[in-house]
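Welcome! Have the sequence and the 3D view ready, and let us walk through a few places together.

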Amino acid sequence: MNTLKGYPVGLIENFDLYAPKLVDREEYFSPGHRACQGCGEALAIRLMCKALGKDTIIINATGCMEVISSMYPTTAWKLPWIHVAFPNAAAVGSGVEAALKALHRKGRIPDRYVKAVAIGGDGGTVDIGLQALSGAMERGHDLLYVCFDNEAYMNTGIQRSSATPFGASTTTAPAGVASMGNKTWKKNVPEIMVAHNIPYVATACQSYPLDFMNKVRKAREIKGPSYIHCLSVCPTGWRCPSEACIKMGRLAVETGVFPLYEVENGKYKMTVSMPENIRPIQDYIKHQGRFRHLTPEQIKIFQDRTNLEYKKLLNKIEHSKSWGEMSAE
Amino acid sequence: MGKRKGMEIALAAAEAAALCRPDVIAAYPITPNTHIPEHLSDIVAEGRLDAEFICVESEHSALSACMGASGAGARVFTATSSQGLLYMAEIMAIASSMRLPVVMALGNRALSGPLNIWNDHSDIMSQRDTGWISLFASHGQEVIDMMIQAFRIAEDRDVMLPINVNLDGFQLTHVVEVMNFPLQEEVDAFLPVYKPYASVHPDHPCSMGTLALPEIFSEATRAREAAIVNSRKTILKVWDEWEKQFGRRYEPIESYKMEGAEFAVLTMGSMGETAEVAIDALREKGVPVGLLKLKLWRPFPYEDLKKATKGVKSLIVMDRAVSFGGPGGPVASEIRSALYDEPSRPDLTNYIFGLGGRDVTVEDFIAMIDKVRLADKKRPKEHYEFYGVRGE
């Protein structure tokens, strides 16, 4: 698959070939964990940890990643790691951050910067954890929250979440004679985070590792709240071959279903340039069993809404200004 | 030693918590505990306490934030009541499982419904089996003392468990009493800076709160039970030290006028104070009745109970909660079970009363004691009885 086709030539030729050599060789999320073959989420976490580096504390919501990485007495985590429950990673993260602040001030921990990073799946973030997330972001903790969105409750067996895309068949929103599967549009949580007026919000995907890692690094540097929504392909739940993980992520972006952008101090920017004409969603959904049942009419609804959402985003990218620019006007 | 001062008990609880120099406080407003976090935020705002005060968006997040902070090595404090405690319920048992010494002030209030903001013990009883140490205060001085003792007990390396200090909503939280406030240097001498056994920090990475398969879950549960049972030793040791330093003695069960008592009333919380007046009145009339005040609810003081009830013919247990469709009040059912194997045990009467803030008067106690004392022995006794309920 030539994903570079149609992309503008970068400033440095073959940048994407050489850049991976600059990535930290240290593995903070070690192999031997129990994730499924082709798990996009485990890959994304490995990349995230490399970008974050040693001085990081991970706060993990219950979910696939917690279960596959921390089966007592083993752990895949070489970073300090804490898990409490499903809906509260952002709240536990608030506490970790507050403790770091207080203990640092009182000289009870070494004098250097340590970043608190809370992570959760889509269920733990956009459904049951949304209140805790909103609270943590609104209070302005120095906390990065990364949502690894595989678009359903995969850990409990592919139940529908509010991040499940239109038309997908799940075990609680199944396709059938009287049902087209999930009837609702994916909840736009990055936009909800933007509405919290936090300095940095971004979307990402494990299929664009450098883009994702750059965003993680950027968020790490922000001494305040930040949010990254990382689409994480789940071959098991999406009903696609495990080797298609990277390809599915690329197609999600190229079809405009999941564009990669960031919102820095209010200003929207596309971080992975998109072709002038986005590919039809058919290219993306035809590989996935969860969309197999969709009729041409339903696919048209899906396509039209995708186009609209993409236009809405382009409009923001074109017209948004950063808070700094607006204050200076 | 200390400083005598009249103050609302909720504010005193906050002052006592502040004397313990918590690093992180996370709390959410709910009547009747609210004055505790309110006053703590005042103390932080005045610069008297160096702490991070997190205005969380729910009680679920209050306890979660406390756990994150405790996991990162901070001394933590929270306070709640009733529905707030139930909103924390998901996290309660995880706190004890992770052995994080969270200290909580619990302004006891009835569980809805119907909606009611006043006192009874149904909130804590619903969380009885979550592995927390539970202390019950019967007046303001005990609230102050237990609050400070709580940090020492919870953080002890032999314990490392969360702890709740129960103070009756309104009856204690909103009452002004004259109390003795320990001085900062006295508390500092009693309670050293918290040094966690383990914490999440890049200098010593560890994984906290991992997944346990059936192969290890039973062992983890047994270990937690052993920890809370063994915490008794530390609790008694801390109480001894408290007496040495501050002169006030604490026991799992406090006896009042039990010399030669044939009848004994057993209470938990603020009603013990009212019961004392009733006991005084009856003793003056020559009635051989005494009072037992249960202060340590978990770990349950079996040995103390057996000792305290020796020679008692009739034990009257007062409950401020009911186990619906079960064995009556939770305190009485605990005591029945504790005394079951004893070769000789007192006859037991269980009254359930004082629910949702219903007043408990001296006259009520006298009436209940008299009812037991003067009862027709031939008539079969109810397993438990709701006292003072109209329309029955």
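## A sheet in chain B

In this predicted model, β10(B) pairs with strand β12 (residues 289-294) of chain B in the antiparallel sense, over four bridges. Across this pairing, B:Glu254 stands opposite B:Lys293 in β12(B).

Both strands belong to an open sheet of six strands in chain B, with the order β10-β12-β11-β14-β15-β16 and mixed pairing. Its edge strands, β10 (253-256) and β16 (385-386) of chain B, each pair on one side only. Helix α11 (residues 330-339) of chain B packs on the sheet, where it touches β11 (263-268), β12, β14 (314-319) and β15 (347-352). The direction of this helix makes about 145 degrees with that of β14(B).

## A helix in chain A

Now turn to helix α12 of chain A, which covers residues 296-319 and has 24 residues. From first C-alpha to last it reaches 34 Å, close to the 34 Å expected at 1.5 Å a residue.

Which residues of α12(A) are buried? They are A:Gln298, A:Ile299, A:Phe302, A:Gln303, A:Thr306, A:Tyr310 and A:Leu313. The buried residues of α12(A) pack against β6 (179-180), β9 (261-264), β10 (267-270) and α11 (282-285) of chain A.

## A lysine in a loop

Last, look for A:Lys54 in the loop between α2 (40-52) and β1 (56-60) of chain A. A:Lys54 is partly exposed, with a relative accessible area of 42%.

Leaving aside neighbours within four places in sequence, A:Lys54 is in contact with A:Tyr28, A:Leu79 and A:Arg112, and also with B:Pro202 and B:Asp203 of chain B. The C-alpha atoms of A:Lys54 and A:Ala202 are separated by 22 Å, and these residues are 148 residues apart along the chain.

Notes. Residues are numbered from 1 along each chain as its sequence is written. Chains are lettered from A and ligands numbered from 1 in the order in which they are written. This is a predicted model: local features need pLDDT of at least 70, side-chain atom pairs count only at pLDDT 80 or more; totals for chains, interfaces and linings use all residues. Side-chain values use heavy atoms; hydrogens and water are left out. Helices (H or I, at least four residues) and strands (E, at least two) are DSSP runs, numbered from the N terminus. The expected span of a helix is 1.5 Å times one less than its number of residues. Buried means under 20% relative accessible area, exposed over 50%, partly exposed in between (1.4 Å probe, protein chains only). Contact means heavy atoms within 4.5 Å. Two strands pair if DSSP finds at least two bridges between them. Axes are lines fitted to C-alpha atoms, for helices over the stretch in contact, and angles run from 0 to 180 degrees between N-to-C directions.
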